[in-house]
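Subject: Handover of a structure and notes on its contents

Dear colleague,

Please find the structure below, together with its sequence. My notes on it follow, and I would be grateful if you could read them with the model open.

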Amino acid sequence: MPRFQTAISYLLLVLNVLLLFLLIFQEKVVIPSWMQPIGRLHPLMLHLPIGFLIVVGLLWVFQQEFQGESFSKVLGFVLSFTAFTATLAALMGFFLSREEGYIDSLLDWHKYTGIALSFLLYGLNILYQQTKKQKTFFNATLAVSILILTITGHLGASLTHGEDYLFLSKNSEVALIINEDTPVFEAVIQPIFKAKCVQCHNEQKTKGELLMTTLSGLVKGGKNGPIWVAGDAFNSHFLQRANLPLEDKKHMPPKGKAQLTPQEIGILTAWVQSGADVKKPIKALASGDPIQKWIESKNKQQHTTARTYDFEAASTSTIEKLNTPFRTIFPLAYNSPALQADFFVRQAYKPEQLGELSEIKTQLVALNLSNMPIKDEDLNTIAQFEHLEKLILNNTNITGNSLSALSKLSALKSLSLSGTKITKTSLQSLRKFPQLREVFVWNTSVSQPDIADLQKQNKEIHFELGYLPKASEILKINPPILVNEKFVLDPQTPISFRHPLKGVTIRYTLDGTIPDSLSAPIYESPLFLSDYTLVKARATKAQWYASDVVQYAFFKATYRPDSVTLLSEPNSQYKGEGAQTLIDRNKGEASDFKNKAWLGYRENPLEAVFTFTKPIPLKNVTISTGINIQGYIFPPASIEIWGGSDKKSLRLIQRIIPDQPKENQATRIEAYQSKITGVNYTMLKVIVRPVSKLPIWHQGKGQPAWTFVDEVFFN
């Protein structure tokens, strides 16, 4: 044992000298990337000295209960091991402190007290050899060590869990009392952030320079800019992170932390898509809104017990398979077999997604299809869900002519038809629904007198016209809804917008500028586009705040090449469908670069040759690319268009040098167009070169950027 004591003493001396050196020169210390995982072991290691120091204290206090020389050896060994683990924990903590995201003042105090504890325990280990002479000094040092341990432990807990983790402070929040005037953000959105996000984004630990405990911090965003884009869930940074695979390093919350549930992601998506209004009160929510449903379900959980159902539950694997970023399936209550399905983001909807729910047709009790392009013929598909009790069809394309198809739903109790083209006449068929008790018809052609007549004919059904704002109340109007489902147009395809509210004026621009509320053109009839166009639109209405701006890129495709050949291979992770990816007219989405609609290049340029059987008189070539600055996907460094009658005669027609961003920008699809003077070509070559080095302001500075291309159009 003496040899062990001597060896551990020398080792402790070396480690503590290293700690002192790092502390003195901490501003100049650079931790290699390979050592960062060692620092992340700090939360695991720190529990050892805590436990062992408590054992040392207990053994020392009750030493009279033990006899023999073996006790002295055991106590000496435990004390040495305590000092050693404390020093290792301090070193790991120092490495971890070099990572970003911590508040300096609190971190410094935790660091200084942790290193002080390491020094104290080293001294305590030396003093133990002289306890017969220095017993009083040993007692005092042991007491101070336990005190410092308590202080540094509290500071560490404050860093990771917040200052109120152990004891509630005077400023701790009281339970929020929710009523109809409570903002949706405070009642629903903020609690989700607090439960799943603020552990890493608080006043003590601001990962990514993002503070999520205050509204001002959320609006400001982090080092990569705003975390949401109002009205655009596709391009909202925090939703993109939440929808990444769990194994992805950029997935949020990080693996090992409490994850957002599919329902929570759906609620956050719905809130962003509806405008991310932080002041909108609960009473302004339309009935059937997924957020309204969330609030109602929370209230029911607090005041009622879940209804029992006699059908079997769907398998977990089936529910997981059906859950996507734009469709969530979840139980109505804990351990209940009854399920609800919510759909989000109109542009991501495909008709077959509704039919896929046949796998849970027995368990499906509530279905929310708000803002989806559902048509009258789709009601026959919905009619197969035999136990459906609640159906939400707000702002869909139904006219009401086929409502009778839903009469097969013998359990249907609630039907939401707000913002649709239903009429008083189409609502007459509802008398065939035996269990129907409520129908919501906000923002439809159905008037208050119509409601009175319908109420007389259907005394068991309550018809709801919805919330009518007071004259003094000003609300923000929702953005206009794009009717189109395709973004590659032919000359006969119109661009159509609509809005569920009456009296709304939709203003738009076609030149990339922001439409204002006074001078921008008014949308009165469908638009017909003759070339690639970026359409921006917003809704305005008297006594309402103007909506957020929405934008959509539309492409024209006159000629389709007879063949296409890739002269350079894309990255193995982003190979799409090979060369055909560039001419299949399947547009990619900026929210999903893993989709097979994209080809991804990094170190090498994209080089593709397009061949036509007959010469075509080209006027332009349009290259559609994706931009995600945070994801290292930048505009191309250059684009070259070569043309000729065969490979030997190819000559450079035009070189395009896209502007490069000087700061983080919204994720989007960006097109680059080469103008040609109507020359006939049978072969063209397109070269798209990625940026070789990311700029100095980017977190990946010096690394090669990505270039993603989904289509090349010829007109």
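In these notes, a helix is a DSSP run of H or I with at least four residues, and helices are numbered from the N terminus. Please bear in mind that this is a predicted model.

Helices

In that sense of the word, Trp109 belongs to helix H6, which covers residues 104–127. The relative accessible area of Trp109 is 56%, and because exposed means over 50%, this residue counts as exposed. Trp109 and Gly156 are 47 residues apart in sequence, while their C-alpha atoms lie 9.4 Å apart in space.

Ser72 is part of helix H5, residues 69–97. Along the chain, 56 residues separate Ser72 from Tyr128, and the distance between the two C-alpha atoms is 9.6 Å.

Helix H4 spans residues 47–61 and has 15 residues. From its first C-alpha to its last, H4 reaches 22 Å, which is close to the 21 Å expected at 1.5 Å a residue. The buried residues in H4 are Pro49, Leu53, Val56, Gly57, Leu59 and Trp60. Seen down the axis of H4, these buried residues fall within an arc of 165°, so they line one face of the helix. On the face of H4 turned away from its buried side are the exposed residues His47 and Val61.

Sheets

Seven strands make up an open sheet with mixed pairing, in the order S1-S2-S3-S4-S5-S6-S7. The edge strands are S1 (327–331) and S7 (462–464), each of which pairs on one side only. On average, neighbouring strands of this sheet are turned by 15° against each other, direction ignored. At one end of the order, strand S6 (residues 438–440) pairs with S7 in the parallel sense over three bridges. Here Glu438 stands opposite His462 in S7.

A further open sheet consists of four strands in the order S10-S15-S13-S12, again with mixed pairing. Its edge strands are S10 and S12 (505–509), and each pairs on one side only. Strand S15 (residues 550–556) has seven residues, five of which are buried, so S15 is largely enclosed by the rest of the structure.

Which strands pair with S15, and in what sense? Strand S10 (residues 488–489) runs parallel to S15 and is joined to it by two bridges; in this pairing, Leu489 stands opposite Lys556. Strand S13 (residues 533–540) runs antiparallel to S15, with five bridges between them.

Cavities

The structure holds three cavities of 30 Å³ or more. The largest cavity contains about 110 Å³ of space. Its lining comprises 14 residues, and those nearest its centre are Ser274, Gly275, Asp277, Lys280 and Asn478.

With kind regards

Definitions and conventions
Residues are numbered from 1 along each chain as its sequence is written. This is a predicted model: local features need pLDDT of at least 70, side-chain atom pairs count only at pLDDT 80 or more; totals for chains, interfaces and linings use all residues. Side-chain values use heavy atoms; hydrogens and water are left out. The expected span of a helix is 1.5 Å times one less than its number of residues. Buried means under 20% relative accessible area, exposed over 50%, partly exposed in between (1.4 Å probe, protein chains only). The arc is that of the directions from the helix axis to the C-beta atoms. Two strands pair if DSSP finds at least two bridges between them. Axes are lines fitted to C-alpha atoms, for helices over the stretch in contact, and angles run from 0 to 180 degrees between N-to-C directions. On a 1 Å grid over the protein atoms alone, a cavity is a set of points where a 1.4 Å probe fits but cannot get out, and a pocket is an open set with protein on both sides within 12 Å along at least five of seven lines; lining residues have an atom within 4 Å of a point. Grid points are joined across faces, edges and corners, and a volume is the space filled by probe spheres set on the points.
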